[in-house]
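Work through the exercises below with the sequence and the 3D view side by side. Try each task before reading its solution.

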Amino acid sequence: MSVLLFTLIVLVGALLAGFLGSLTGLGGGVIIIPLLTLGLGVDIHYAIGASIVSVIATSSGSAAAYVKEGITNIRIGMFLEIATTVGAICGAIVAVYLNPDYIAIIFGFILIFSAIMTLKKKVDHSTQDDSSKLARFFKLNGSFPDKGVTQTYAVKNVAGGFSMMLFAGTLSGLLGIGSGALKVIAMDNIMRLPFKVSTTTSNFMMGVTAAASAIVYLHRGQIDPGIAMPVCIGVLTGATVGSKVLIKTKTDKLKAVFAVVVIFLALQMIYKGLSGTM
Amino acid sequence: MAETRKENLNDRDIQVILGTLLRAGVIISMSIVLLGGIIYLVHNKGVITDYAVFKPELSKFSSIASIFKGVLTFHGDAIVQFGVLMLIFTPIARIVFALFSFLIERDYLYVLIGIIILGIITISLNGGLAH
């Protein structure tokens, strides 16, 4: 395939991945990797390198808006970034020793898990109980503006959340994705943060986490400009358009349809991994 | 009371500057990627791609030094990679900025946390980890 044709196909795919990823909350990375590997026969190492670059672009872009609104809890974000960056570097280092077939299988399972998570109805676990000593020590309890009213919240189980973030960071580094689904579990269910705070703070952390593993990938030659260029331009543009549309449309049906497509892609990744043809 | 209000105002300012920094970083680095991409396509459009097998030894720009050298030659792929490098450094610059703002707020615990994160990232900059 010529460079021009390859770039155009990847660009269109990345636009779509970014658009749907932002509408459904899955993120562009988890969609662009199956597109590149299954659709275009690109080696998974290159796909991961390109995807991680697009994760930095989209998360930094949307984090910019959220931070300005004052919803993001910068202290929680930075505190947990210790865990995610350590995890990300470990994951990126392990990735080189791991057979691409195994990476594809792990990727498939995480993809299925993330798709199911987008369908589950979210339950707000937020609390005012500020009895956690660690949360007070690290000044994690906070407040955010919600329709003109300031809502306060307290953080629970800091150690549990930190461990989960270590895991989320490792998968992010291993697979080249933002692993937003895992980060939100750590913050919603374990640390009991309100949704708005957990989703925006998770987004805020993604950039630094992805940057840590991207540096390892860059040194290993996994970031190829020919693939990274159309992927990051496409995903960022698609995600930007998606976030504008998101405000106006109901996405429940779209999420369900999309989850089925994603699970199909995931099963194909797992099948290819198991049959040793990745 | 007056004291806490002042602190909130400070946090607010930091949030606005952080947001602007992130946005500027993304816009600048993506413009560089786009420019490099156009140059790359003009010169290489007919070349046949081959990404089926991962060949790290063929990678021309897999260190910061080689990217800087490449940019001086005005090759499209080098400019794209330079944009990617700028993009990678955008969230890192955000940590450096946050570190200084916590220093101004005299929140030394978070200055320390910022230093720890930068330390972890510096370790990853050590190319030896990649092999």
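**Exercise 1.** Describe the span 79–96 of chain A.

Solution. Residues 79–96 are 100% helix and 0% strand, and their end C-alpha atoms lie 28 Å apart. Helices are DSSP runs of H or I with at least four residues, strands runs of E with at least two, numbered from the N terminus. The unreviewed UniProt entry annotates 79–96 of chain A as a "transmembrane region", one of several that include 166–186. In the span 166–186 of chain A, 81% is helix and the end C-alpha atoms are 10 Å apart.

This is a predicted model: local features need pLDDT of at least 70, side-chain atom pairs count only at pLDDT 80 or more, and totals for chains, interfaces and linings use all residues. Residues are numbered from 1 along each chain as its sequence is written, while chains are lettered from A and ligands numbered from 1 in the order in which they are written.

**Exercise 2.** Find how many residues of chain A are in contact with chain B, and which helix gives the most.

Solution. Count contacts (C-beta atoms, placed from the backbone, within 7 Å). Helix 3 of chain A gives the most, with 12 residues.

**Exercise 3.** List the contacts of I56(A), leaving aside neighbours within four places in sequence.

Solution. Within chain A, the partners are G207(A), A210(A), A211(A) and A214(A). From chain B come L87(B), I88(B) and P91(B).

Notes: Two residues are in contact if their C-beta atoms, placed from the backbone, lie within 7 Å. UniProt positions are given in the numbering used here, feature names are shortened, and annotations may be inferred rather than shown by experiment.
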